[in-house]
Amino acid sequence: MTMTNKDAFISIQNVDKYFGKFQAIDKISMDIGHGEFFSLLGSSGCGKTTLLRMLAGFETPTNGEIYIDGQPMSEVPPHYRPVNMVFQSYAIFPHLNVRDNIAYGLRKQRLSKMKKYEMVDEMLDLIKLPEYGDRKAHELSGGQRQRIALARALILKPKVLLLDEPLGALDKQLREQMQLELRALQRTVGITFVFVTHDQEEALTLSDRIAVMSGGTVLQTDTPTGLYEMPQNREVAAFIGTMNFFEAMVDRVEGDTLVLDAKGLGKVSTTKGQRTTTKGDRFELAIRPEKLKISDTKPTTGACVEGTLENAAYLGERSHYYVRVDGQDTPVAVSAQNQKRVISSDQNAHSVWLTWDDDALVLLNDA
Amino acid sequence: MRNDVSYIKRPNRPLQVYAIIFLIVLYTPVLFLPLFSFNDSIYVRFPLKGFTIQWYFELWERAQVWNSLMNSIKVGICVSIASTGLGIFAAKALTNYRLPGRPSIIGFIMLPLVVPGIIFGVALLVLLSQMGVPLSLYTVAIGHMIVCLPFSIATLLPRFEGFDRSIEEASADLGENAWWTFWRVTFPVVYPGVVASLLLSFTISFDEFIMAFFLSGTEPTLPMYIWGQLRFPQEFPSILALSSIILFVSFLLVFIGQWINRDDAYGK
């Protein structure tokens with residue numbers, strides 16, 4: 001018997017999942033706190049939906065155990081679990097109207113008809129679809145179905161709400177509106193949300209914490225800012241937003257400062273942190289496009305490197321530049337806000353200077 | 001007029017003519033049955049003599065007709081319920097689980113559609129007499145089950161395949177076990193297919209002759225009775241009247257079944 005983390009509301013411990021010989025989940029352990037908006041982020045086939053379905057009880061772990069509210073779940077069938085799910089296809093019952101769809105899970109509670117009506121009306125208000133109770137399932141739009149699916153799950157007051165790409169089928173505008181509403185709803189009801197998505201922007205907007213998954217494993221679990229600002233490895237860094245990568249070798253260690261020789265950037269320094277490292281160790285350095293500054297003239301202070309402007313794209317509020325520097329195969333991406341009027345964004349192949357702050361550099365662990 | 005129909009929907013004159021000829025050729029012979037059943041003559045020949053409904057009255061008063069009708073209805077009801085019930089299990093198994101060799105399983109189930117009824121009839125007769133089972137309406141029902149099951153499954157399978165599996169998962173997720181999920185979600189969704197299967201297999205059993213010929217004992221089904229009466233020329237107009245009624249009721253049942261099971265039930 002393993003001890004569960006006391007603060008963890010959901011505790012996933014050493015979970016493996018095989019489908020035949022295919023390993024969908026590879027020894028995942030993670031804890032999700034009470035009332036957290038937790039996202040599983042990854043491209044399709046990374047195992048995120050399988051993990052969610054194991055929380056719901058539709059799949060059983062091959063090895064390992066899942067605890068919800070301290071209770072081991074592997075012997076508990078879906079209909080006894082304190083979780084409810086919003087399906088990717090919404091799974092609205094086609095033969096029932098909206099009211100009966102929402103009240104579906106209430107049968108066992110043996111409530112009076114009046115009480116059920118009241119509860120359904122409350123949910124209809126919550127999802128901002130009052131007066132929709134008598135609509136047939138096929139008379140609903142995608143966004144409305146999505147809300148009914150939410151209401152149908154939330155009326156049972158689950159301890160955890162599982163959401164399987166619930167916004168994937170909506171158009172962009174509706175999706176952005178639903179993101180805000182979902183976040184507000186989660187704060188209102190105060191229960192744990194586990195949210196599966198392949199859309200990094202959506203995950204960053206909504207989540208308290210995000211687990212980035214790939215090939216059945218968790219690459220990194222962190223807050224949105226943590227993932228964006230301090231990715232731990234190349235895959236996470238590349239998956240979330242745009243990132244420039246540079247090979248680097250440790251030149252010397254000066255107390256807490258690490259001086260590296262980076263291909264394309266020259267000598268750079270960054271904080272050592274918890275790492276134990278010596279001269280000659282290889283690392284990968286990363287920096288976000290918007291943390292690089294570009295100028296026509298050589299800056300007077302700080303580290304800088306000279307390059308050739310290969311391409312520029314003017315996007316209104318900001319411009320994207322692609323700068324070729326010595327020692328890098330791919331041009332460095334720079335994103336700069338157009339605070340002054342841009343006169344000549346189309347002047348190709350001219351010399352520019354790139355500068356950065358030392359703390360904008362991210363040292364990746366897995367190079 | 002030129003631009004208001006799409007390419008695929010534009011009228012195709014030769015095809016329409018063909019369709020009409022097809023329907024005429026298919027149904028004209030059948031229409032002679034009701035036509036002559038109202039003819040005031042025991043001979044089936046033109047010109048028609050006069051209009052009468054006496055043949056229908058004669059039928060009404062014949063106890064044997066009522067007996068064999070009741071036999072056929074009893075067998076039909078049992079067969080349709082049993083074959084639809086088994087069909088539901090089969091369709092659910094075929095759609096819920098990834099069975100190895102699924103296409104060949106379906107092939108085997110559908111086999112009685114192409115194997116001549118006489119072969120199954122003889123085979124069952126041999127088997128039953130070897131087992132010492134006396135021929136009766138029960139043995140007829142067993143024979144009809146074989147004939148009806150493929151039709152039931154062919155009607156039910158698309159219904160079971162045609163809905164989103166996740167609504168059953170949603171039901172489980174909302175707290176219902178497999179039993180309640182079936183009755184609250186699966187059954188209501190496939191219900192039109194179930195009704196269609198009941199009506200279709202009833203009609204098939206009701207009209208079936210070959211199996212009944214081999215497997216019935218002393219109690220005839222309605223087609224058996226009709227066949228027996230064909231020897232007596234004076235009975236022929238009553239048989240025409242009876243056949244006309246069967247034709248009409250069969251058509252009605254199949255039509256109702258297909259209408260309930262139409263694709264846009266639930267607005268899909």
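This is a predicted model: local features need pLDDT of at least 70, side-chain atom pairs count only at pLDDT 80 or more; totals for chains, interfaces and linings use all residues.
Biologist: How many helices and how many strands does the secondary structure of chain B come to?

Modeller: Read along the sequence, chain B follows the pattern α-α-α-α-α-α-α-α-α-α-α, and its C-alpha atoms fill a box of roughly 70 × 70 × 30 Å along the principal axes. The count for chain B is accordingly 11 helices and 0 strands.

Biologist: Which residue ranges of chain B does UniProt list as "transmembrane region", and how far apart are the end C-alpha atoms of residues 189-215?

Modeller: The unreviewed UniProt entry gives residues 15-36, 72-93, 105-128, 135-157, 189-215 and 236-260 of chain B under that name. In the model, residues 15-36 of chain B are 100% helix and 0% strand, with end C-alpha atoms 32 Å apart. For residues 189-215 of chain B, which are 93% helix and 0% strand, the distance between the end C-alpha atoms is 37 Å.

Biologist: Is Val75(B) buried or exposed?

Modeller: Val75(B) belongs to helix α3, residues 63-96 of chain B. Leaving aside neighbours within four places in sequence, Val75(B) is in contact with Leu137(B), Val140(B), Ala141(B), His144(B), Ser205(B) and Thr221(B), while its C-alpha atom is separated by 23 Å from that of Val114(B), 39 residues away along the chain. The cut-off for a buried residue is 20 or more other C-beta atoms within 10 Å. Because Val75(B) has 25 other C-beta atoms within 10 Å, Val75(B) is buried.

Biologist: What percentage of the residues of chain B count as buried?

Modeller: Among the contacts in chain B with a separation of 6 or more, 78% join residues 24 or more positions apart. As for burial, the share of the 268 residues of chain B that count as buried is 33%.

Biologist: Where around the axis of α10(B) do its buried residues lie?

Modeller: Helix α10 of chain B, residues 222-229, has Leu222(B), Pro223(B) and Tyr225(B) as its buried residues. Because they cover an arc of only 155° around the axis, they are on the same side of α10(B). What covers these buried residues includes α3, α8 (178-207) and α9 (210-215) of chain B, and the placement asked for is the same side of α10(B).

Biologist: With which residues is Leu162(A) in contact, leaving aside its neighbours within four places in sequence?

Modeller: Setting aside neighbours within four places, its partners are Leu52(A), Leu55(A), Ala56(A), Val83(A), Met85(A) and Val194(A).

Biologist: How many residues does the contact take from each of chain A and chain B?

Modeller: The contact takes 19 residues from chain A and 17 residues from chain B. By class, the side of chain A that touches chain B has 10 nonpolar, 6 polar and 3 charged residues. The counts asked for are therefore, by the 7 Å cut-off between C-beta atoms, 19 from chain A and 17 from chain B.

Biologist: How far apart are the C-alpha centres of domain 1 and domain 2 of chain A?

Modeller: The domain assignment of chain A gives domain 1 as 8-238 and domain 2 as 244-364. Contact between them involves 6 residues of domain 1 and 5 residues of domain 2, and the domain 1 side has 3 nonpolar, 2 polar and 1 charged residues. The C-alpha centres of these two domains lie apart by 39 Å.

Notes:
Residues are numbered from 1 along each chain as its sequence is written. Chains are lettered from A and ligands numbered from 1 in the order in which they are written. Two residues are in contact if their C-beta atoms, placed from the backbone, lie within 7 Å. Ala, Val, Leu, Ile, Met, Phe, Trp, Tyr, Cys and Pro count as nonpolar, Asp, Glu, Lys and Arg as charged, and the others, Gly among them, as polar. Domain bounds come from an automatic or database domain assignment. UniProt positions are given in the numbering used here, feature names are shortened, and annotations may be inferred rather than shown by experiment. Helices (H or I, at least four residues) and strands (E, at least two) are DSSP runs, numbered from the N terminus. A residue is buried if 20 or more other C-beta atoms lie within 10 Å of its own, exposed if 12 or fewer, and partly exposed in between; C-beta atoms are placed from the backbone. The arc is that of the directions from the helix axis to the C-beta atoms.
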